[in-house]
Amino acid sequence: MKLQARAIDIGTRTPTVILNGADAAELGAHPLDRVEIDHAGGTVVGIVELTDELVAEGELAVTRPLGHIEGEVAVTFAPSPSSASFVRKKLDDVELEAGEIEDIVTDIKYDRLSDAELSAFVTSIYTNGLSRAEIVDLTESMVAAGETMHWDREGVADKHSIGGVAGNRVTPVVVPVFAAAGVTIPKTSSRAVTSAAGTADTMEVFCDVEFGIDEIREIVAETNGCLVWGGGVNLSPVDDKIIRVETPLSLDPPGQMIASVLSKKKSAGSTEIVIDIPYGEGAKVSSLDAAREMAEDFDRVGDALDMQIDCAITRGNQPIGAGIGCGLEARDVLAVLQGEGPEDLRSKSVTLADMLLSSCGCDESAAAILEDGRALGKFREIVAAQGGDSDVTVDDLPIGSHTATVEAQGDGRVSHANNRLVNECARRAGAPKDKGAGLDLAAQVGDAVEAGEALVTIHAETAEKRDEAVRFARENQPVRVNAPDEALVERYG
């Protein structure tokens, strides 16, 4: 069929073409079917959507991912890629071979799978799991689908947490400790998906975080480390596309999580890695047994990929640090580097850093590097190398001025601090988009409190968002004293 193609300014994530319903009927094409388009610049395949008004009969609208195609084109029906049959195979709980996984990953890379097919692949992993062989094959295929970084030195370190714990801003403390000890640590981190801040969001308070691979190499050559956003480089790009599908339903199947983490680390050239696996109520891993099983999988898959993996199984039943949200977490990081700050954040940072230092064959003590100021000095070097103010102080950090204090109504002990609810309350206040928004936690689980004593201070950049966070806190009680239904009182400031 001959049609007149025109570009349409719609930034779809998949290579989508929009057909008039009459033309689609003549082609025998339905929504999410594929058509092949022969044009002056070559041949492309698009995923079909239909309209009766937006595109006239005899026309074909082409969205951004397919590039600029205009003029007369030949359109024919195209079959589904072969990898779609492998997705169905995994849905039937049949173990995939290495070549089948590679085909799926290649088709995800080039957007040949529709969102429905990609969602089915994620669902198959969530429902049926992945064998260790499949995890290794998936990791290797995702690494091969993107760029990789290579370093002319041994013992390239990294640290990763599987997430789920509010605050927990350990990475910006650990990285300068390592860099100060002379260990190379090219750290790429994520932005928040459901949390109040990711490491990249928090570091953005201090400096730029979006850099290309060559720029990252320059920063690491200058300082021995970096703290950048992983989405700014083409490291394991297929992982980012899979995560996009997982996010709406908060799916994070263990096998895919392991492949996701290790593909990023392998692509970044890391060889010595500490993985933080928090467990407990509100964390991604609920039990100690499940955490141990995940640690064993990380270890075995790491061995197959020639990576030294050490897993730290940590308690994740409450937030780490006092601040939840970009500016408030940045405050905690800088305070710990200066020898102050929340003790739980400092203690966890030292524990994980010591594990990684030992793995890299370094006999330095993380506590000593913090105490003598070398970690703070290195952090300021990294901030400067990434375009920030190396003389930044805690007073310079953005903290929302619209506040409300959530108080305990009666005497008792803090019995519960739900990570998911704490994060959501901070997001209602405006985090992570509003850098000054979030929560300041005044009490931890087990602390004795008196009636009228502050449990949480909400910070927001607007009164409206502050009030929304207060409403959420009142209805959901992210931090509870004694009985779970105990009332809270809000005092505005």
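**Close-up views of a predicted model**

**View 1. The domains of the chain.** The chain is assigned domain 1 (2–77), domain 2 (82–129), domain 3 (157–232 + 252–386) and domain 4 (402–482). These bounds come from an automatic or database domain assignment. The model is predicted: local features need pLDDT of at least 70, side-chain atom pairs count only at pLDDT 80 or more, and totals for chains, interfaces and linings use all residues. Residues are numbered from 1 along each chain as its sequence is written, and side-chain values use heavy atoms, without hydrogens and water. Taken over C-alpha atoms, the centres of domain 2 and domain 4 are 42 Å apart.

**View 2. The second largest pocket.** A pocket is an open set of points on a 1 Å grid over the protein atoms alone, where a 1.4 Å probe fits, with protein on both sides within 12 Å along at least five of seven lines. Lining residues have an atom within 4 Å of a point. This pocket has a volume of about 220 Å³, the space filled by probe spheres set on the points, which are joined across faces, edges and corners. Its lining includes P15, R34, D107 and Y110. Domain 1 (2–77) and domain 2 (82–129) each supply at least three lining residues. Seven lining residues are nonpolar, one is polar and four are charged. Here Ala, Val, Leu, Ile, Met, Phe, Trp, Tyr, Cys and Pro count as nonpolar, Asp, Glu, Lys and Arg as charged, and the others, Gly among them, as polar.

**View 3. A parallel sheet.** Strands are DSSP runs of E with at least two residues, numbered from the N terminus. Two strands pair if DSSP finds at least two bridges between them. This open sheet has three strands in the order β7-β10-β11, with parallel pairing. Its edge strands, β7 (157–161) and β11 (308–315), each pair on one side only. Eight bridges join β10 (residues 272–279) to β11. In one of these strands, β11, D310 is the bridge partner of V274.

**View 4. An antiparallel sheet.** Another open sheet of three strands has the order β16-β14-β18, with antiparallel pairing. β16 (448–449) and β18 (479–481) each have a single partner strand, so one side of each is left without a neighbour in the sheet. Three bridges join β14 (residues 412–417) to β18. V414 stands opposite V481 in β18.

Conventions. Helix = DSSP H or I, 4+ residues; strand = E, 2+ residues; numbered from the N terminus.
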